[in-house]
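Reader: Could you take me through one part of this model slowly, the helices and how they pack, and then the pocket beside them? I'd be glad of the definitions along the way.

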Amino acid sequence: MKIRTAIAGFGLSGKIFQAPFIHADPNFELKKVYERKTERAKGEYPDVQIVRSFEELLTDDIDLVIISTPNDTHVPFAKQAMAAGKHVVVEKPVAATSTEAAELCAFAKKQGVVLSVFQNRRLDSDFLTVKNLIEAGELGEVLDYEAHYDRFERGVNPKPWKAAGGAGVGVLYDLGVHIIDQAYVLFGMPNEVYADFRQQRPESPGIDNFEVILYYDKVKAILSAGEVVARQGPHYMVSGRRGTFIKYGEDVQEAALLAGKRPPAPDWDAEGEECWGTLYYDDGAQILEKKIPTVVSSYARYYENLYEVITAGAPALVPPEQTADVLRIIEAAQMSNAKKRRIAL
């Protein structure tokens, strides 16, 4: 069976991260796109129906609604779609608070529908490379983990709703939610959280720089992002008792999609050998190094998994309850910054 799909919103998420994969997957059919004023989806998908209200996505000919609208609409739109019996994918962050996220999870179970959150960075090729190295024991017992997600931004955000700020908006929810989620995937819920937030650009509506430290029994995970970084350092740096892995650059899928490449074209998401990370390891006498090929990945796996979840009850790649846990970590970070101390979880 085909999953008849509608997308609410056709900005960066809808256009770049959602529609190309739905269109390329034979198990899905892209039928409708909600655009308030434009008809941009018609440019790539001439057969799609453009609608002017969210309610027009909730008709009997739609099975799945993907919500890629501004953050403050995620919770009400998800509830409305699930109340109409639709399966729902929500762009991250699913909500501004862990309480709202938990309520959405409970409502999905009550309605008997699938709720999924688009934490696509679980499928970043460089993150999966790190994950594989850790699981294979190449680093030995992991002690220190760092993930940095830096940018150099100019002026005011062109999206009015982002420029205005507010609950669930800002660099912590835009970038932080990804690298916190990745640390959660690797290590689970931390014992304690410490955070430092700053506003470094006058054009920012709120914080534009953060460092969040997650403390586990033996692992310390340092997660940071900033908008005034003209030259990026390592994206990942992970150290264990046997060695250290350092990876520069970011997963190439977003850049490829922005450049107009689309799945399932061959090598649309291939990373060149010059981008591979380096493993520095102890052979017992000296520190050696070797290049580690980056894992081949694709955000298409998210929807391949979602199809199996909807049609066969398969385990979800992104269980929605886990996204509520990630928001609990964010809330602990916010409390830590306010109180200037570690917060126990």
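Author: Let's begin with H7 and H10, whose axes come within 10 Å and cross at roughly 115°. Angles from 65 to 115 degrees count as roughly perpendicular, under 35 as roughly parallel, over 145 as roughly antiparallel, and the rest as oblique, so H7 is roughly perpendicular to H10. The crossing of these two helices is right-handed, a term used when the near helix is turned clockwise from the far one by less than a right angle, with anticlockwise giving left-handed. The axes are lines fitted to C-alpha atoms, for helices over the stretch in contact, and the angles run from 0 to 180 degrees between N-to-C directions. Helices (H or I, at least four residues) and strands (E, at least two) are DSSP runs numbered from the N terminus.

A word on the source: this is a predicted model, in which local features need pLDDT of at least 70 and side-chain atom pairs count only at pLDDT 80 or more, while totals for chains, interfaces and linings use all residues. Residues are numbered from 1 along each chain as its sequence is written, and side-chain values use heavy atoms, with hydrogens and water left out.

H7 (residues 171–187) also packs against H5 (residues 125–135), at an angle of about 20° and with the axes 11 Å apart. That angle makes H5 roughly parallel to H7. Here too the crossing is described as right-handed.

Now to the second largest pocket, which holds about 180 Å³ of space. Of its 16 lining residues, Val114, Leu115, Val309, Ala316 and Pro320 are the closest to its centre. H10 (320–339) is among the elements that give two or more residues to this lining, along with helix H4 (98–111), strand E6 (115–118) and helix H9 (300–312). H9 gives the largest share, four residues. By type, the lining divides into twelve nonpolar, two polar and two charged residues; Ala, Val, Leu, Ile, Met, Phe, Trp, Tyr, Cys and Pro count as nonpolar, Asp, Glu, Lys and Arg as charged, and the others, Gly among them, as polar.

A pocket, on a 1 Å grid over the protein atoms alone, is an open set of points where a 1.4 Å probe fits, with protein on both sides within 12 Å along at least five of seven lines; lining residues have an atom within 4 Å of a point. Its volume is the space filled by probe spheres set on the points.
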